[in-house]
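Hi,

Here is the structure I promised to hand over. Have a look at it first, and then read on for what turned up.

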Amino acid sequence: MKLFEPLDINGCVIPNRILVPAMVTRLSGEDGLVNRDITDRYVRYAEGGAGLIVVEAMAVHGAKSGPLLRISDDSYLPGLSEMVRRVHDTSDSKIVPQIIHFLKIARSGWRQTIDMLDEADIDAIVGHFGAAAARAREAGFDGAELHSAHAYTLSSFISRRNPRNDDYGGSLENRLRLIGRVMNEVRRQAGDDFAVGVRIDAEEFIRGGYTVEEGKLIALRHAQLGCDYISLSVGGKFEDAEHHPGKVLHAYSGYSGERAMPDAWHPDMTHVDLAAETKSFINAKGFQTPIVTAGKIWKPEDAEQILEEGRADVLGIARQMLADPDWPNKIKRGESERIVVCDFCNICKILDGEHRPVNCYLWPKGAVQAPPDAPGEGPTWGPGGGDLQVAFQGGEARLTWSKAEGSVAGYDVYRAADDGAMSVIEASKSRRWNDRSAMAGMRYHYYVRAYDPAGRPSPPSNTVLLEPELPNYGAR
Ligand SMILES: Cc1cc2nc3c(=O)[nH]c(=O)nc-3n(C[C@H](O)[C@H](O)[C@H](O)COP(=O)(O)O)c2cc1C
């Protein structure tokens with residue numbers, strides 16, 4: 001499988017094309033120090049066979065924030081080095097930190113914007129990124145990733161909504177000036193032989209923000225600057241964030257935030273088209289910089305097809321890897337059926353927004369990490385084979401089933417529309433689920449599988465058929 005082909009990223013050889021994009025864990029205190037739980041989270045991805053693990057955004061500067069990791073001075077080195085050591089001792093997964101600079105925000109809704117920064121502030125940002133990248137190298141990381149996406153400082157300069165009217169704003173060239181200076185400084189301090197990736201938005205998804213038309217030029221500039229990989233995200237901006245009185249703005253609370261972490265009702269592989277367009281554009285310009293795409297990629301066959309069709313070079317699998325860090329190993333062993341499938345409920349996103357420890361709703365209650373992988377059989381059904389029943393009532397398909405036998409962590413509901421393939425549509429902890437997207441004129445088949453904490457599934461339950469009738473809208 002292409003998924004398991006290694007890739008050399010400026011000397012950092014990742015064993016496969018599976019990248020865990022940065023995901024804030026909120027497991028650190030405000031001290032920003034690495035602790036045991038944080039290290040265990042990243043070791044868990046290494047155990048599961050990830051190719052490249054991008055550690056959650058960590059601050060390059062000393063500004064106050066909620067619980068967030070830091071790499072802003074040497075006092076953070078022991079914890080970071082220990083995390084790297086444990087990951088390297090676990091598997092051949094590679095590990096890089098995502099390094100971030102952000103501006104001040106207040107509970108009142110006020111936020112510092114980039115037009116409030118003077119030349120000295122900008123020089124300091126450049127220096128902070130260079131020093132943080134050098135520190136990442138000292139800690140033993142395999143590279144570093146500059147966070148130049150979403151609502152944060154670097155991205156705000158690149159944004160089409162950049163409000164500055166000096167050499168750092170207005171034209172596209174001016175908007176790209178800061179990242180140019182930052183990359184120069186990072187290379188000066190961390191060296192040319194250190195893998196330096198960048199995360200940028202392929203599209204901003206805000207009014208007046210840039211679309212892929214400029215996004216691909218922005219990616220080209222990063223390739224010209226010598227970035228070793230370009231990880232594409234989208235949106236996640238403050239401009240459309242919702243402000244709740246007394247709370248700091250959460251960059252993922254508006255529509256652009258919804259695009260950044262697409263919910264269950266968005267299509268799978270939401271942003272692959274943007275990656276494909278960006279990749280073919282920079283390739284045509286003579287750059288082979290690997291392109292990473294992320295956004296609801298969870299089916300092994302989809303992941304493989306993206307690579308086979310050359311639409312991206314590496315796959316960013318965030319929430320699916322949180323749900324089941326053993327995703328790579330299970331695919332490699334031909335045990336895709338045992339994957340605990342992410343249902344994109346976004347509880348993890350909500351926890352992040354509330355600065356509470358990020359975990360997965362599908363894990364056993366109270367678990368701080370995903371349960372360990374384990375061989376053996378999953379739950380079974382009693383004599384009724386699950387007794388799955390479906391009724392179309394109140395405009396929705398109401399499904400109920402009986403309890404599976406054995407250790408049950410939850411149930412996956414599978415659905416096929418018309419003659420399509422069966423695919424997981426929901427993960428449920430209870431024994432009922434209402435499908436609110438079923439519609440007359442369509443034919444649906446459903447079955448349910450129970451799974452245990454390690455993801456081991458039961459056989460499918462009995463299959464039920466539903467052909468909803470058109471509602472009666474009354475006499476004309
Ligand atoms: C809880 C949580 C925290 C995140 N933190 C970061 C972050 O620190 N930096 C970043 O670039 N993206 C962050 N993201 C976005 C993810 O990296 C990823 O781009 C997004 O979830 C879409 O990929 P997915 O559909 O595979 O989950 C976060 C996402 C989640 C759910």
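This is a predicted model: local features need pLDDT of at least 70, side-chain atom pairs count only at pLDDT 80 or more; totals for chains, interfaces and linings use all residues.

Is His-61 buried or exposed? It counts as buried, because its relative accessible area is 7% and the cut-off for buried is under 20%. A polar atom of the His-61 side chain is 2.9 Å from the backbone oxygen of Phe-102.

Now the ligand. There are 22 residues around it, and the ones that come nearest are Ala-22, Gln-98, Arg-199, Lys-296 and Arg-319. By type, that shell splits into 13 nonpolar, 5 polar and 4 charged residues. Some polar pairs to look at:

- Ala-22: a polar backbone atom lies 2.8 Å from an oxygen atom of the ligand.
- Val-24: a backbone N or O atom is 3.0 Å from a ligand nitrogen atom.
- Gln-98: an N or O atom of the side chain is 2.8 Å from a nitrogen atom of the ligand.

On its own the ligand has 620 Å² of accessible area, and the protein covers 99% of that.

Last, the surface. Ile-347, Ile-350 and Tyr-361 make a nonpolar patch of about 250 Å². Tyr-361 belongs to the loop between α13 (347-353) and β12 (389-393), and it counts as partly exposed because its relative accessibility is 37%.

Cheers

Key:
Residues are numbered from 1 along each chain as its sequence is written. Side-chain values use heavy atoms; hydrogens and water are left out. Patches are made of residues with over 30% relative accessible area and no salt bridge: like charges are joined within 9 Å, nonpolar side chains (Val, Leu, Ile, Met, Phe, Trp, Tyr) within 5 Å. Accessible areas come from the Shrake-Rupley method with a 1.4 Å probe; for residues, only the protein chains shown count as cover. A salt bridge is a side-chain nitrogen of Lys or Arg within 4 Å of a carboxyl oxygen of Asp or Glu. Helices (H or I, at least four residues) and strands (E, at least two) are DSSP runs, numbered from the N terminus. Buried means under 20% relative accessible area, exposed over 50%, partly exposed in between (1.4 Å probe, protein chains only). A residue is near a molecule or strand if one of its heavy atoms lies within 4 Å of it. A polar contact is a pair of N or O atoms within 3.5 Å; within protein, one must be able to donate a hydrogen and the other to accept it, and residues adjacent in sequence count only if both atoms are side-chain atoms. Ala, Val, Leu, Ile, Met, Phe, Trp, Tyr, Cys and Pro count as nonpolar, Asp, Glu, Lys and Arg as charged, and the others, Gly among them, as polar.
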